[in-house]
Number of protein chains: 2
Amino acid sequence: MTITSEHPFDADTRIERVGAGTYTADVTDRFTALTGTPNGGYLLALCLRALGDELPFPDPLVASASFLRPPATAPAEIRTDVARAGRRTATGEARLLQDGREAVRVVATFTDLRAAGGRTLVLADPPRLPAPEQLASLLGGGSLPGVNITQHVEYRAAQPPGWAEGRPSGAPALEFWMRFKGGRDADPTALAFLVDAAAPAVLEIGEQASATMQLTVHLRARPAPGWLACRVSTRFVIGGYHEEDFEIWDSEGRLVAQSRQLALLLGG
Amino acid sequence: MTITSEHPFDADTRIERVGAGTYTADVTDRFTALTGTPNGGYLLALCLRALGDELPFPDPLVASASFLRPPATAPAEIRTDVARAGRRTATGEARLLQDGREAVRVVATFTDLRAAGGRTLVLADPPRLPAPEQLASLLGGGSLPGVNITQHVEYRAAQPPGWAEGRPSGAPALEFWMRFKGGRDADPTALAFLVDAAAPAVLEIGEQASATMQLTVHLRARPAPGWLACRVSTRFVIGGYHEEDFEIWDSEGRLVAQSRQLALLLGG
(Lines give C-alpha, C1' and ligand atoms only; values in the text may rest on other atoms or scores of the structure.)
Protein backbone atom coordinates (compact mmCIF):
# COMPACT_ATOMS: atom_id res chain seq x y z
CA MET A 1 0.00 0.00 0.00
CA THR A 2 1.29 3.40 -0.98
CA ILE A 3 0.27 6.33 1.14
CA THR A 4 0.71 9.64 -0.58
CA SER A 5 -0.51 13.13 0.07
CA GLU A 6 0.56 14.37 -3.35
CA HIS A 7 -2.02 16.59 -5.01
CA PRO A 8 -3.48 15.20 -8.26
CA PHE A 9 -2.15 18.22 -10.16
CA ASP A 10 1.39 17.36 -9.09
CA ALA A 11 0.98 13.64 -9.60
CA ASP A 12 -0.56 14.13 -13.04
CA THR A 13 2.02 16.61 -14.30
CA ARG A 14 4.95 14.47 -13.30
CA ILE A 15 7.39 13.92 -16.12
CA GLU A 16 10.29 11.53 -16.53
CA ARG A 17 13.42 12.41 -18.44
CA VAL A 18 14.24 9.56 -20.81
CA GLY A 19 16.85 11.14 -23.07
CA ALA A 20 18.38 14.45 -24.15
CA GLY A 21 15.51 16.92 -23.95
CA THR A 22 12.96 14.12 -24.06
CA TYR A 23 10.40 13.22 -21.42
CA THR A 24 7.54 10.82 -20.92
CA ALA A 25 4.33 11.55 -19.05
CA ASP A 26 0.89 10.13 -18.51
CA VAL A 27 -2.06 12.22 -19.65
CA THR A 28 -4.67 11.11 -17.13
CA ASP A 29 -8.45 11.39 -17.12
CA ARG A 30 -8.50 13.50 -13.95
CA PHE A 31 -8.40 16.86 -15.74
CA THR A 32 -10.96 16.48 -18.48
CA ALA A 33 -12.89 19.57 -19.60
CA LEU A 34 -16.39 20.16 -20.97
CA THR A 35 -15.48 18.36 -24.18
CA GLY A 36 -14.59 15.19 -22.24
CA THR A 37 -10.97 15.31 -23.38
CA PRO A 38 -7.98 16.32 -21.23
CA ASN A 39 -7.99 20.06 -20.65
CA GLY A 40 -5.70 22.28 -22.71
CA GLY A 41 -4.30 24.05 -19.67
CA TYR A 42 -3.35 20.69 -18.19
CA LEU A 43 -1.37 19.81 -21.32
CA LEU A 44 0.26 23.22 -21.22
CA ALA A 45 1.30 22.59 -17.61
CA LEU A 46 2.82 19.25 -18.60
CA CYS A 47 4.89 20.97 -21.28
CA LEU A 48 5.96 23.68 -18.82
CA ARG A 49 7.14 21.01 -16.39
CA ALA A 50 9.43 19.62 -19.09
CA LEU A 51 10.68 23.08 -20.06
CA GLY A 52 11.24 23.95 -16.40
CA ASP A 53 13.53 20.95 -16.22
CA GLU A 54 15.49 22.05 -19.29
CA LEU A 55 15.80 25.79 -18.75
CA PRO A 56 17.98 27.47 -16.10
CA PHE A 57 15.20 29.62 -14.58
CA PRO A 58 12.43 28.54 -12.25
CA ASP A 59 9.34 30.41 -13.45
CA PRO A 60 7.42 30.57 -16.71
CA LEU A 61 7.01 34.23 -17.73
CA VAL A 62 5.12 33.84 -21.00
CA ALA A 63 3.89 30.70 -22.73
CA SER A 64 1.95 30.06 -25.91
CA ALA A 65 0.30 26.74 -26.67
CA SER A 66 -1.06 25.70 -30.06
CA PHE A 67 -3.53 22.85 -29.78
CA LEU A 68 -3.16 20.69 -32.86
CA ARG A 69 -5.14 17.53 -32.21
CA PRO A 70 -7.52 16.37 -29.46
CA PRO A 71 -5.38 14.74 -26.76
CA ALA A 72 -6.09 11.25 -25.47
CA THR A 73 -6.05 9.80 -21.99
CA ALA A 74 -2.84 7.98 -22.74
CA PRO A 75 0.94 8.12 -22.36
CA ALA A 76 2.72 11.02 -24.03
CA GLU A 77 6.21 11.95 -25.08
CA ILE A 78 7.41 15.53 -24.70
CA ARG A 79 10.31 16.68 -26.87
CA THR A 80 11.98 19.94 -25.94
CA ASP A 81 14.55 22.22 -27.48
CA VAL A 82 16.21 25.31 -26.09
CA ALA A 83 15.97 28.29 -28.43
CA ARG A 84 18.05 30.66 -26.30
CA ALA A 85 19.33 30.78 -22.72
CA GLY A 86 20.37 34.28 -21.66
CA ARG A 87 21.38 36.02 -18.48
CA ARG A 88 17.87 36.98 -17.47
CA THR A 89 15.50 34.76 -19.44
CA ALA A 90 15.55 31.54 -21.45
CA THR A 91 13.19 30.37 -24.17
CA GLY A 92 12.38 26.84 -25.23
CA GLU A 93 9.87 24.78 -27.07
CA ALA A 94 8.02 21.63 -26.07
CA ARG A 95 6.05 19.34 -28.36
CA LEU A 96 3.72 16.83 -26.75
CA LEU A 97 3.16 13.73 -28.86
CA GLN A 98 0.82 10.79 -28.42
CA ASP A 99 1.22 7.76 -30.67
CA GLY A 100 3.78 9.76 -32.62
CA ARG A 101 1.30 12.52 -33.45
CA GLU A 102 1.80 16.01 -32.09
CA ALA A 103 -1.11 17.19 -29.93
CA VAL A 104 0.31 20.43 -28.52
CA ARG A 105 3.21 22.75 -29.30
CA VAL A 106 4.35 25.17 -26.63
CA VAL A 107 6.90 27.98 -26.81
CA ALA A 108 7.72 29.49 -23.42
CA THR A 109 10.13 31.95 -21.89
CA PHE A 110 11.27 31.35 -18.32
CA THR A 111 12.81 33.73 -15.79
CA ASP A 112 13.16 34.14 -12.04
CA LEU A 113 10.09 36.21 -11.22
CA ARG A 114 11.57 37.16 -7.83
CA ALA A 115 14.38 38.98 -9.65
CA ALA A 116 12.03 41.28 -11.62
CA GLY A 117 12.95 44.54 -9.94
CA GLY A 118 11.82 47.22 -12.40
CA ARG A 119 8.98 49.68 -12.28
CA THR A 120 5.50 48.67 -11.13
CA LEU A 121 2.37 50.61 -12.08
CA VAL A 122 -0.99 48.84 -12.04
CA LEU A 123 -3.88 50.68 -13.69
CA ALA A 124 -6.69 48.20 -13.10
CA ASP A 125 -8.47 46.84 -10.05
CA PRO A 126 -8.90 43.27 -8.90
CA PRO A 127 -12.38 41.73 -9.18
CA ARG A 128 -14.80 43.13 -6.60
CA LEU A 129 -15.95 40.01 -4.81
CA PRO A 130 -17.15 39.31 -1.30
CA ALA A 131 -14.57 37.37 0.72
CA PRO A 132 -14.55 33.70 -0.34
CA GLU A 133 -15.39 32.66 3.23
CA GLN A 134 -18.72 34.46 2.83
CA LEU A 135 -19.62 32.60 -0.35
CA ALA A 136 -20.86 29.10 -1.09
CA SER A 137 -18.98 26.84 -3.44
CA LEU A 138 -20.44 26.53 -6.90
CA LEU A 139 -21.50 22.94 -7.61
CA GLY A 140 -22.17 22.67 -3.86
CA GLY A 141 -18.53 21.71 -3.44
CA GLY A 142 -19.14 18.71 -5.70
CA SER A 143 -18.22 18.25 -9.34
CA LEU A 144 -19.76 18.15 -12.80
CA PRO A 145 -19.99 14.61 -14.22
CA GLY A 146 -17.33 14.12 -16.89
CA VAL A 147 -15.77 17.53 -16.28
CA ASN A 148 -13.13 16.05 -14.01
CA ILE A 149 -11.31 19.33 -13.50
CA THR A 150 -14.14 20.21 -11.12
CA GLN A 151 -13.07 17.37 -8.84
CA HIS A 152 -9.80 19.18 -8.20
CA VAL A 153 -10.67 22.85 -8.50
CA GLU A 154 -13.17 24.76 -6.37
CA TYR A 155 -15.07 27.88 -7.47
CA ARG A 156 -16.94 30.44 -5.42
CA ALA A 157 -19.01 33.36 -6.65
CA ALA A 158 -21.67 35.74 -5.37
CA GLN A 159 -24.21 33.83 -7.43
CA PRO A 160 -24.16 30.87 -9.79
CA PRO A 161 -23.52 31.79 -13.42
CA GLY A 162 -26.66 32.15 -15.49
CA TRP A 163 -25.80 29.24 -17.78
CA ALA A 164 -25.65 26.88 -14.79
CA GLU A 165 -29.27 27.72 -14.04
CA GLY A 166 -30.40 27.35 -17.63
CA ARG A 167 -30.60 31.13 -18.10
CA PRO A 168 -27.52 32.43 -19.89
CA SER A 169 -27.20 36.10 -19.01
CA GLY A 170 -26.17 37.22 -22.49
CA ALA A 171 -23.08 38.86 -20.99
CA PRO A 172 -19.98 36.66 -21.36
CA ALA A 173 -18.10 38.20 -18.42
CA LEU A 174 -17.77 36.64 -14.97
CA GLU A 175 -15.84 37.17 -11.75
CA PHE A 176 -15.27 34.42 -9.19
CA TRP A 177 -12.81 32.88 -6.76
CA MET A 178 -10.86 29.74 -7.63
CA ARG A 179 -8.39 27.44 -5.89
CA PHE A 180 -7.24 23.87 -5.92
CA LYS A 181 -9.19 21.60 -3.64
CA GLY A 182 -7.11 19.91 -0.96
CA GLY A 183 -5.10 22.93 0.12
CA ARG A 184 -2.51 23.04 -2.65
CA ASP A 185 -1.50 26.65 -3.33
CA ALA A 186 -0.83 27.82 -6.87
CA ASP A 187 2.59 28.46 -8.41
CA PRO A 188 3.16 30.05 -11.85
CA THR A 189 2.89 26.72 -13.69
CA ALA A 190 -0.37 26.00 -11.88
CA LEU A 191 -1.63 29.45 -12.92
CA ALA A 192 -0.96 28.52 -16.56
CA PHE A 193 -3.33 25.61 -15.98
CA LEU A 194 -5.89 27.58 -13.99
CA VAL A 195 -6.44 30.25 -16.67
CA ASP A 196 -8.03 27.46 -18.71
CA ALA A 197 -9.73 25.66 -15.81
CA ALA A 198 -13.06 27.51 -15.61
CA ALA A 199 -16.14 27.24 -17.79
CA PRO A 200 -15.89 29.25 -21.02
CA ALA A 201 -17.48 32.70 -20.81
CA VAL A 202 -19.40 31.97 -24.04
CA LEU A 203 -21.70 29.64 -22.09
CA GLU A 204 -23.35 32.92 -21.02
CA ILE A 205 -24.36 33.60 -24.62
CA GLY A 206 -25.98 30.21 -24.98
CA GLU A 207 -23.07 28.27 -26.44
CA GLN A 208 -22.48 24.69 -25.30
CA ALA A 209 -18.77 24.24 -25.86
CA SER A 210 -15.71 25.77 -27.39
CA ALA A 211 -12.36 24.31 -28.44
CA THR A 212 -9.20 26.23 -27.61
CA MET A 213 -6.95 26.64 -30.64
CA GLN A 214 -4.24 28.81 -29.12
CA LEU A 215 -3.64 30.02 -25.56
CA THR A 216 -1.07 32.59 -24.50
CA VAL A 217 -0.51 33.29 -20.83
CA HIS A 218 1.66 35.88 -19.10
CA LEU A 219 2.81 34.95 -15.58
CA ARG A 220 3.49 38.21 -13.81
CA ALA A 221 4.35 37.22 -10.22
CA ARG A 222 4.47 34.25 -7.90
CA PRO A 223 1.06 34.18 -6.23
CA ALA A 224 0.57 34.52 -2.50
CA PRO A 225 -1.04 31.47 -0.87
CA GLY A 226 -4.81 31.23 -0.78
CA TRP A 227 -7.78 31.99 -2.96
CA LEU A 228 -7.38 33.46 -6.45
CA ALA A 229 -9.73 36.15 -7.76
CA CYS A 230 -10.57 35.59 -11.42
CA ARG A 231 -12.10 37.63 -14.20
CA VAL A 232 -13.03 36.08 -17.54
CA SER A 233 -14.59 37.71 -20.58
CA THR A 234 -15.21 37.39 -24.28
CA ARG A 235 -15.90 40.44 -26.43
CA PHE A 236 -15.47 39.29 -30.01
CA VAL A 237 -17.25 36.30 -31.51
CA ILE A 238 -16.58 36.54 -35.25
CA GLY A 239 -17.43 33.84 -37.78
CA GLY A 240 -17.47 31.21 -35.02
CA TYR A 241 -14.08 32.13 -33.57
CA HIS A 242 -13.80 33.99 -30.28
CA GLU A 243 -11.16 35.24 -27.92
CA GLU A 244 -11.34 34.71 -24.15
CA ASP A 245 -9.42 36.92 -21.74
CA PHE A 246 -8.64 35.69 -18.25
CA GLU A 247 -7.04 37.45 -15.29
CA ILE A 248 -5.97 35.91 -12.00
CA TRP A 249 -5.28 38.09 -8.94
CA ASP A 250 -3.82 36.60 -5.79
CA SER A 251 -5.10 36.86 -2.21
CA GLU A 252 -3.02 40.01 -1.69
CA GLY A 253 -4.72 41.77 -4.60
CA ARG A 254 -1.86 41.50 -7.10
CA LEU A 255 -2.32 40.52 -10.73
CA VAL A 256 -0.42 37.26 -11.17
CA ALA A 257 -1.58 35.89 -14.52
CA GLN A 258 -3.20 37.23 -17.66
CA SER A 259 -4.19 35.06 -20.60
CA ARG A 260 -5.94 35.25 -23.92
CA GLN A 261 -7.03 32.34 -26.00
CA LEU A 262 -8.49 31.97 -29.48
CA ALA A 263 -11.18 29.32 -29.59
CA LEU A 264 -13.75 27.91 -31.99
CA LEU A 265 -17.39 27.43 -31.04
CA LEU A 266 -18.41 23.79 -31.27
CA GLY A 267 -21.78 22.66 -32.59
CA GLY A 268 -24.66 25.01 -33.18
CA MET B 1 17.02 51.22 -64.62
CA THR B 2 14.21 49.40 -62.84
CA ILE B 3 10.93 51.16 -62.40
CA THR B 4 8.75 49.62 -59.74
CA SER B 5 5.68 50.72 -57.88
CA GLU B 6 6.01 47.96 -55.28
CA HIS B 7 5.34 49.17 -51.74
CA PRO B 8 8.35 48.95 -49.38
CA PHE B 9 6.39 46.57 -47.13
CA ASP B 10 5.98 44.13 -50.00
CA ALA B 11 9.51 44.58 -51.29
CA ASP B 12 10.99 44.14 -47.82
CA THR B 13 8.96 41.07 -46.88
CA ARG B 14 9.83 39.24 -50.07
CA ILE B 15 11.19 35.76 -49.43
CA GLU B 16 12.93 33.29 -51.68
CA ARG B 17 12.53 29.54 -51.34
CA VAL B 18 15.95 27.93 -51.43
CA GLY B 19 15.17 24.41 -50.22
CA ALA B 20 12.56 22.26 -48.51
CA GLY B 21 10.83 24.59 -46.07
CA THR B 22 13.77 27.01 -46.17
CA TYR B 23 13.76 30.61 -47.34
CA THR B 24 16.10 33.54 -47.54
CA ALA B 25 15.17 37.17 -47.01
CA ASP B 26 16.76 40.55 -46.50
CA VAL B 27 16.02 42.33 -43.24
CA THR B 28 16.26 45.93 -44.39
CA ASP B 29 16.70 49.19 -42.48
CA ARG B 30 13.40 50.61 -43.72
CA PHE B 31 11.32 49.32 -40.80
CA THR B 32 13.39 50.21 -37.76
CA ALA B 33 11.62 51.02 -34.51
CA LEU B 34 12.38 53.31 -31.56
CA THR B 35 15.28 51.08 -30.56
CA GLY B 36 16.95 51.57 -33.95
CA THR B 37 16.71 47.88 -34.78
CA PRO B 38 14.31 46.28 -37.25
CA ASN B 39 10.80 46.22 -35.81
CA GLY B 40 9.44 43.02 -34.29
CA GLY B 41 6.23 43.13 -36.27
CA TYR B 42 8.26 43.39 -39.47
CA LEU B 43 10.15 40.19 -38.59
CA LEU B 44 6.85 38.51 -37.73
CA ALA B 45 5.50 39.48 -41.16
CA LEU B 46 8.59 37.99 -42.82
CA CYS B 47 8.00 34.71 -40.99
CA LEU B 48 4.31 34.77 -41.95
CA ARG B 49 5.25 35.20 -45.61
CA ALA B 50 7.31 32.01 -45.39
CA LEU B 51 4.56 30.12 -43.57
CA GLY B 52 1.99 31.38 -46.06
CA ASP B 53 4.10 29.78 -48.76
CA GLU B 54 4.23 26.45 -46.91
CA LEU B 55 0.69 26.12 -45.59
CA PRO B 56 -2.40 25.40 -47.72
CA PHE B 57 -4.48 28.35 -46.44
CA PRO B 58 -4.16 32.01 -47.38
CA ASP B 59 -4.65 33.89 -44.10
CA PRO B 60 -2.89 33.92 -40.74
CA LEU B 61 -5.51 33.42 -37.99
CA VAL B 62 -3.29 33.46 -34.90
CA ALA B 63 0.46 33.94 -34.63
CA SER B 64 2.87 34.11 -31.71
CA ALA B 65 6.38 35.45 -32.03
CA SER B 66 9.12 35.03 -29.44
CA PHE B 67 11.90 37.59 -29.88
CA LEU B 68 15.14 35.93 -28.89
CA ARG B 69 17.93 38.27 -30.01
CA PRO B 70 18.04 41.77 -31.45
CA PRO B 71 17.79 41.44 -35.23
CA ALA B 72 20.33 43.01 -37.57
CA THR B 73 19.94 44.85 -40.85
CA ALA B 74 21.30 41.86 -42.73
CA PRO B 75 20.29 38.77 -44.71
CA ALA B 76 18.27 36.13 -42.91
CA GLU B 77 17.35 32.52 -43.32
CA ILE B 78 13.84 31.33 -42.40
CA ARG B 79 13.35 27.65 -41.62
CA THR B 80 9.81 26.37 -41.45
CA ASP B 81 8.12 23.18 -40.42
CA VAL B 82 4.49 22.16 -40.68
CA ALA B 83 3.04 20.93 -37.39
CA ARG B 84 -0.36 19.98 -38.75
CA ALA B 85 -2.39 20.64 -41.89
CA GLY B 86 -6.10 19.95 -41.41
CA ARG B 87 -9.28 20.50 -43.33
CA ARG B 88 -9.97 23.93 -41.92
CA THR B 89 -6.68 25.20 -40.49
CA ALA B 90 -2.97 24.46 -40.65
CA THR B 91 -0.24 25.26 -38.13
CA GLY B 92 3.44 25.75 -38.73
CA GLU B 93 6.56 27.19 -37.23
CA ALA B 94 9.12 29.58 -38.66
CA ARG B 95 12.53 30.34 -37.20
CA LEU B 96 14.36 33.40 -38.51
CA LEU B 97 18.14 33.10 -38.25
CA GLN B 98 20.87 35.62 -38.92
CA ASP B 99 24.48 34.45 -38.98
CA GLY B 100 23.22 31.08 -37.78
CA ARG B 101 21.68 32.56 -34.64
CA GLU B 102 17.93 32.47 -34.12
CA ALA B 103 16.42 35.94 -33.74
CA VAL B 104 12.70 35.12 -33.82
CA ARG B 105 10.56 32.01 -33.48
CA VAL B 106 6.99 32.13 -34.75
CA VAL B 107 4.20 29.59 -34.43
CA ALA B 108 1.15 30.41 -36.53
CA THR B 109 -2.14 28.87 -37.58
CA PHE B 110 -3.52 29.73 -41.00
CA THR B 111 -7.02 29.43 -42.38
CA ASP B 112 -9.21 30.95 -45.07
CA LEU B 113 -10.84 33.82 -43.20
CA ARG B 114 -13.52 34.14 -45.90
CA ALA B 115 -14.73 30.63 -44.98
CA ALA B 116 -15.37 31.46 -41.31
CA GLY B 117 -19.14 31.20 -41.35
CA GLY B 118 -20.08 30.71 -37.69
CA ARG B 119 -21.77 33.01 -35.20
CA THR B 120 -20.81 36.67 -34.90
CA LEU B 121 -21.48 38.72 -31.76
CA VAL B 122 -19.37 41.80 -31.08
CA LEU B 123 -19.65 43.31 -27.60
CA ALA B 124 -17.28 46.25 -27.94
CA ASP B 125 -17.23 49.42 -30.00
CA PRO B 126 -14.62 50.71 -32.40
CA PRO B 127 -12.53 53.72 -31.33
CA ARG B 128 -14.55 56.96 -31.38
CA LEU B 129 -12.48 59.10 -33.66
CA PRO B 130 -13.30 61.96 -36.01
CA ALA B 131 -13.05 60.92 -39.66
CA PRO B 132 -9.40 60.71 -40.73
CA GLU B 133 -10.03 63.31 -43.44
CA GLN B 134 -10.80 65.82 -40.69
CA LEU B 135 -7.52 65.19 -38.87
CA ALA B 136 -3.95 66.20 -39.50
CA SER B 137 -1.21 63.63 -39.79
CA LEU B 138 0.96 63.21 -36.74
CA LEU B 139 4.58 64.10 -37.51
CA GLY B 140 3.15 66.57 -40.07
CA GLY B 141 3.13 63.72 -42.56
CA GLY B 142 6.91 63.39 -42.14
CA SER B 143 8.86 60.84 -40.13
CA LEU B 144 10.85 60.45 -36.92
CA PRO B 145 14.61 60.27 -37.55
CA GLY B 146 15.81 56.69 -37.09
CA VAL B 147 12.31 55.35 -36.58
CA ASN B 148 12.05 54.34 -40.21
CA ILE B 149 8.64 52.72 -39.81
CA THR B 150 7.27 56.25 -39.75
CA GLN B 151 8.46 56.72 -43.34
CA HIS B 152 6.01 54.05 -44.47
CA VAL B 153 3.12 54.31 -42.00
CA GLU B 154 0.93 57.35 -41.42
CA TYR B 155 -0.90 58.15 -38.19
CA ARG B 156 -3.76 60.55 -37.51
CA ALA B 157 -5.31 61.47 -34.18
CA ALA B 158 -7.50 64.17 -32.69
CA GLN B 159 -4.42 65.52 -30.93
CA PRO B 160 -0.75 64.60 -30.72
CA PRO B 161 0.04 62.13 -27.91
CA GLY B 162 1.27 63.78 -24.73
CA TRP B 163 4.71 62.17 -24.93
CA ALA B 164 5.30 63.73 -28.35
CA GLU B 165 4.87 67.19 -26.79
CA GLY B 166 7.10 66.39 -23.82
CA ARG B 167 4.11 65.99 -21.49
CA PRO B 168 3.27 62.30 -21.01
CA SER B 169 -0.37 62.12 -19.96
CA GLY B 170 0.12 59.41 -17.35
CA ALA B 171 -2.56 57.33 -19.09
CA PRO B 172 -1.06 54.68 -21.40
CA ALA B 173 -4.10 54.37 -23.64
CA LEU B 174 -4.44 55.94 -27.09
CA GLU B 175 -6.75 55.84 -30.10
CA PHE B 176 -5.70 56.86 -33.58
CA TRP B 177 -5.95 56.10 -37.28
CA MET B 178 -3.20 54.28 -39.12
CA ARG B 179 -2.48 53.22 -42.70
CA PHE B 180 0.42 52.55 -45.01
CA LYS B 181 1.66 55.57 -46.87
CA GLY B 182 1.46 55.26 -50.64
CA GLY B 183 -2.00 53.79 -50.87
CA ARG B 184 -1.26 50.16 -50.04
CA ASP B 185 -4.23 48.62 -48.22
CA ALA B 186 -3.68 46.17 -45.38
CA ASP B 187 -4.13 42.41 -45.56
CA PRO B 188 -3.98 40.06 -42.54
CA THR B 189 -0.19 39.68 -42.72
CA ALA B 190 0.17 43.46 -42.85
CA LEU B 191 -2.10 43.71 -39.79
CA ALA B 192 0.30 41.42 -37.91
CA PHE B 193 2.97 44.01 -38.66
CA LEU B 194 0.80 47.03 -37.92
CA VAL B 195 -0.17 45.92 -34.38
CA ASP B 196 3.50 46.54 -33.54
CA ALA B 197 3.99 49.61 -35.72
CA ALA B 198 2.91 52.41 -33.38
CA ALA B 199 4.72 54.02 -30.47
CA PRO B 200 4.47 51.99 -27.24
CA ALA B 201 1.67 53.15 -24.93
CA VAL B 202 4.17 53.29 -22.03
CA LEU B 203 5.67 56.45 -23.54
CA GLU B 204 2.64 58.10 -21.91
CA ILE B 205 3.93 57.12 -18.47
CA GLY B 206 7.32 58.65 -19.11
CA GLU B 207 9.15 55.60 -20.40
CA GLN B 208 11.60 55.99 -23.27
CA ALA B 209 11.59 52.55 -24.84
CA SER B 210 10.44 49.01 -24.43
CA ALA B 211 11.59 45.72 -25.97
CA THR B 212 8.97 43.22 -27.11
CA MET B 213 9.65 39.74 -25.77
CA GLN B 214 6.57 37.97 -27.07
CA LEU B 215 3.74 39.10 -29.35
CA THR B 216 0.55 37.17 -30.06
CA VAL B 217 -1.87 38.45 -32.65
CA HIS B 218 -5.32 37.20 -33.65
CA LEU B 219 -6.39 38.06 -37.21
CA ARG B 220 -10.16 38.03 -37.21
CA ALA B 221 -11.15 39.18 -40.70
CA ARG B 222 -9.71 40.50 -43.93
CA PRO B 223 -9.82 44.28 -43.57
CA ALA B 224 -11.79 46.52 -45.87
CA PRO B 225 -9.64 49.00 -47.83
CA GLY B 226 -8.79 52.32 -46.22
CA TRP B 227 -7.88 53.72 -42.86
CA LEU B 228 -7.59 51.50 -39.78
CA ALA B 229 -8.86 52.64 -36.37
CA CYS B 230 -6.49 51.59 -33.60
CA ARG B 231 -6.68 51.33 -29.83
CA VAL B 232 -3.59 50.63 -27.74
CA SER B 233 -3.30 50.31 -23.98
CA THR B 234 -1.15 49.03 -21.14
CA ARG B 235 -2.64 48.29 -17.74
CA PHE B 236 -0.04 46.24 -15.90
CA VAL B 237 3.58 47.32 -15.46
CA ILE B 238 5.01 44.85 -12.93
CA GLY B 239 8.69 44.57 -12.06
CA GLY B 240 9.67 46.22 -15.34
CA TYR B 241 7.57 43.94 -17.54
CA HIS B 242 4.37 45.15 -19.14
CA GLU B 243 1.69 43.93 -21.48
CA GLU B 244 0.40 46.00 -24.39
CA ASP B 245 -2.99 45.34 -25.97
CA PHE B 246 -3.71 46.52 -29.49
CA GLU B 247 -6.92 46.45 -31.53
CA ILE B 248 -7.33 47.30 -35.19
CA TRP B 249 -10.77 48.03 -36.66
CA ASP B 250 -11.25 48.47 -40.38
CA SER B 251 -12.91 51.32 -42.25
CA GLU B 252 -16.25 49.51 -42.06
CA GLY B 253 -16.11 49.36 -38.26
CA ARG B 254 -15.21 45.68 -37.91
CA LEU B 255 -12.56 44.37 -35.55
CA VAL B 256 -9.90 42.80 -37.76
CA ALA B 257 -6.91 42.26 -35.44
CA GLN B 258 -6.30 41.99 -31.71
CA SER B 259 -2.86 41.56 -30.19
CA ARG B 260 -1.14 41.41 -26.86
CA GLN B 261 2.55 41.60 -26.26
CA LEU B 262 4.78 41.16 -23.23
CA ALA B 263 7.60 43.67 -23.20
CA LEU B 264 10.41 44.82 -20.95
CA LEU B 265 11.03 48.49 -20.16
CA LEU B 266 14.46 49.61 -21.32
CA GLY B 267 16.64 51.97 -19.34
CA GLY B 268 15.38 53.92 -16.38
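Let me start with one residue, B:Thr212: apart from neighbours within four places in sequence, B:Thr212 is in contact with B:Phe67, B:Asp196, B:Gln261, B:Leu262 and B:Ala263. Contact here means heavy atoms within 4.5 Å. B:Thr212 sits in strand β10 of chain B, residues 210-219. Strands are DSSP runs of E, at least two residues, and are numbered from the N terminus. With B:Gln261, B:Thr212 also has a side-chain to side-chain polar contact, at 2.6 Å. A polar contact is a pair of N or O atoms within 3.5 Å; within protein, one must be able to donate a hydrogen and the other to accept it, and residues adjacent in sequence count only if both atoms are side-chain atoms.

A word on the model. This is a predicted model, in which local features need pLDDT of at least 70 and side-chain atom pairs count only at pLDDT 80 or more, while totals for chains, interfaces and linings use all residues. Residues are numbered from 1 along each chain as its sequence is written, chains are lettered from A and ligands numbered from 1 in the order in which they are written, and side-chain values use heavy atoms, with hydrogens and water left out.

Now the two chains. Chain B superposes on chain A by a rotation of 180 degrees with 0.0 Å of shift along its axis, and the RMSD is 0.0 Å. That is how a two-fold axis relates its copies. The superposition is by least squares on the C-alpha atoms of residues with pLDDT of at least 70 in both. The copies meet through the same surface, because 100% of the interface residues of chain B are also interface residues in chain A.

How much area do chain B and chain A bury between them? About 5,100 Å², with 56% of it on carbon and sulfur atoms. Buried area is the accessible area (1.4 Å probe) that two parts lose on being put together, summed over both. On the chain B side, B:Arg119, B:Arg220 and B:Arg260 lose the most area to chain A, together 14% of what that side buries. Each chain puts residues into the contact: 56 from chain B and 56 from chain A.

Between chain B and chain A, 37 residue pairs are in polar contact, both at pLDDT 80 or more. Strand β14 of chain B, residues 255-265, supplies the largest share of the chain B side, 8 residues. That side divides into 22 nonpolar, 19 polar and 15 charged residues.

Next, salt bridges, where a side-chain nitrogen of Lys or Arg is within 4 Å of a carboxyl oxygen of Asp or Glu. A:Arg119 and B:Glu207 form a salt bridge at 2.6 Å, N to O. One network of salt bridges links A:Asp81, A:Glu93, A:Arg95, A:Glu102, A:Arg105, B:Asp81, B:Glu93, B:Arg95, B:Glu102 and B:Arg105.

Last, a pair inside chain A. A:Arg179 and A:Glu154 form a salt bridge at 3.3 Å, N to O. A:Arg179 is in strand β9 (residues 173-180) and A:Glu154 in strand β8 (residues 153-156), so the pair ties together parts 25 residues apart in sequence. Buried or exposed, what is A:Glu154? A:Glu154 is buried, at 11% relative accessibility, while A:Arg179 is partly exposed at 31%. The cut-offs are under 20% relative accessible area for buried, over 50% for exposed, and partly exposed in between (1.4 Å probe, protein chains only).

Notes. Helices (H or I, at least four residues) and strands (E, at least two) are DSSP runs, numbered from the N terminus. Ala, Val, Leu, Ile, Met, Phe, Trp, Tyr, Cys and Pro count as nonpolar, Asp, Glu, Lys and Arg as charged, and the others, Gly among them, as polar.
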